[in-house]
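This briefing concerns the structure shown below. It takes up the ligand site, the pairing of the strands and a few individual residues in turn.

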Amino acid sequence: MAERVIGVTGGIGSGKSSVMRAFQAKGIEAVDADDMARVVVEPGQPALKAIAEHFGPDILTPDGTLDRPTLRAIIFTDPDAKTWLEALLHPLINRELRSRLAAARGPYALLVSPLLFETGQDKLVDRILVVDVPESLQLARASARDGADPEQIQRIMASQMSRAERLKRADDLLDNTGSLVDLEKRVEELHRGYLAFAGQ
Ligand code: ADP
C-alpha cells in the first residue's frame, strides 16, 4: 500500500490525464476515477442491471453494454435521473477506488478524478493537486481532443465545480497554460515534494 494518496483534479481538458501520465513515467501508480466509472457498469455488474430496470431495456445496446450517449442525454435533461444515477454509482465507484488504492504500491499513489470534490472522493486522499488552465484553453483543448462541438464541452464544464471553487481547495497547483515540457518540469518538482511528504 502506498504511504500517501494525492488527489489530482481539474475540469475537462485541464490536463489531468497528461499530468497522470507524467507521474506514471516516474513509476508512480495512478487510479483513474473515470476508468472505475466504466468498470462498475460493465455487463454482469449489479449497477448495470439496476440501470436497465430503472430506465428500461433501451438503455442497453444490442450487445448488452450500456448505451452511454443515450444515458448522457437523459441525465442532461432530467435532474432526478441524474440524482438517482449518482446515488447508485458514486458509492460503487468509491469502493472500487478504495480497493485499488489499497493495492497500489510505491511511496505515494494518485487518484485522478474530474469530480473529486463533488463525489466525496476527496476524503480518500491526503493532499490535493489541482490542474488549472483558463476556461478558454480548457474549451479549446477538450474540443480539439474529443472532436466534440464546443457547446457540449461547455455543458460538461457547467456541470463541474467552478474554477474558483476548485482553486480554493487546492493544496498544490499545476498551472498548465504552458507547453507539455513545462508540465513535465512542474511534475518533477511536485514529485520531489510528494516523496518528501511520503517520508522518502
Ligand atoms: P483532462 O484529462 O483534464 O480532460 P487531458 O490531459 O486529456 O485533459 O488534456 C486535454 C488535451 O490537451 C489533450 O489532447 C492533451 O494532449 C492536451 N494538453 C494537455 N496539456 C497540454 C499542454 N501543456 N500543452 C498542449 N496540449 C496539452
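In this predicted model, a nitrogen atom of the ligand is 2.8 Å from an N or O atom in the side chain of asparagine 176. The protein covers 80% of the 560 Å² of accessible area that the ligand has on its own. The ligand sits in the largest pocket. The points below begin with that site and then pass to the strands and to selected residues.

**Ligand site**

- There are 14 residues around the ligand, and those that come nearest are Lys16, Ser17, Ser18, Arg145 and Asn176.
- The side chain of serine 18 has an N or O atom 2.7 Å from an oxygen atom of the ligand.
- Serine 179 takes part through its backbone, where a polar atom lies 3.4 Å from a nitrogen atom of the ligand.
- Helices α1 (16–24) and α6 (135–146) each supply at least two residues of the shell around the ligand.
- The most is given by α1, which contributes 3 residues to that shell.

**Strands β4 and β5**

- Strand β4 (residues 127–132) and β5 run parallel and are joined by 4 bridges.
- Leucine 129 has aspartate 172 of β5 as its bridge partner, and aspartate 132 stands opposite aspartate 175, also in β5.
- In a regular strand, side chains alternate between the two faces of the sheet.
- Strand β4 is mostly covered, with 5 of its 6 residues buried.

- Strand β1 (residues 4–9) runs parallel to β4, and 4 bridges join the two.
- Within that pairing, isoleucine 6 stands opposite arginine 127 of β4.
- Strand β1 is also joined to β3, again in parallel, by 5 bridges; here valine 5 stands opposite alanine 109.
- Strand β2 (residues 29–32) pairs with β3 in the parallel sense over 4 bridges, and aspartate 32 has valine 112 of β3 as its bridge partner.
- Strand β3 is largely enclosed by the rest of the structure, because 5 of its 5 residues are buried.
- Tyr108, Leu110 and Val112 point one way from β3, while Ala109 and Leu111 point the other way; all are buried.

**Serine 113**

- Serine 113 is found in the loop between β3 (108–112) and β4.
- Its relative accessibility is 1%, so serine 113 counts as buried.
- The side chain of serine 113 makes a polar contact of 2.6 Å with the side chain of glutamine 121.
- A polar atom of the serine 113 side chain also lies 3.2 Å from the backbone nitrogen of leucine 115.

- Leucine 89 and alanine 37 are 52 residues apart in sequence, yet their C-alpha atoms are 7.5 Å apart in space.
- Proline 43 is found in the loop between α2 (33–39) and α3 (46–55).
- With a relative accessible area of 51%, proline 43 is exposed, since exposed requires a value over 50%.
- Proline 43 and threonine 83 are 40 residues apart in sequence and 22 Å apart in space, C-alpha to C-alpha.

Key. Residues numbered from 1 in each chain as written. Predicted model: local features only at pLDDT ≥ 70, side-chain atom pairs only at ≥ 80, totals over all residues. Heavy atoms only, no water. Pairing = 2+ DSSP bridges. Near = heavy atom within 4 Å. Polar contact = N/O pair within 3.5 Å; in protein donor to acceptor, adjacent residues only side chain to side chain. Areas by Shrake-Rupley, 256 points an atom, 1.4 Å probe, with all protein chains shown as cover. 1 Å grid on protein atoms, 1.4 Å probe; cavity = no way out; pocket = protein on both sides within 12 Å on 5 of 7 lines; lining within 4 Å. Sits in = over half its atoms within 2 Å of the grid points. Buried < 20%, exposed > 50% of the residue type's maximum accessible area, 1.4 Å probe, protein only.
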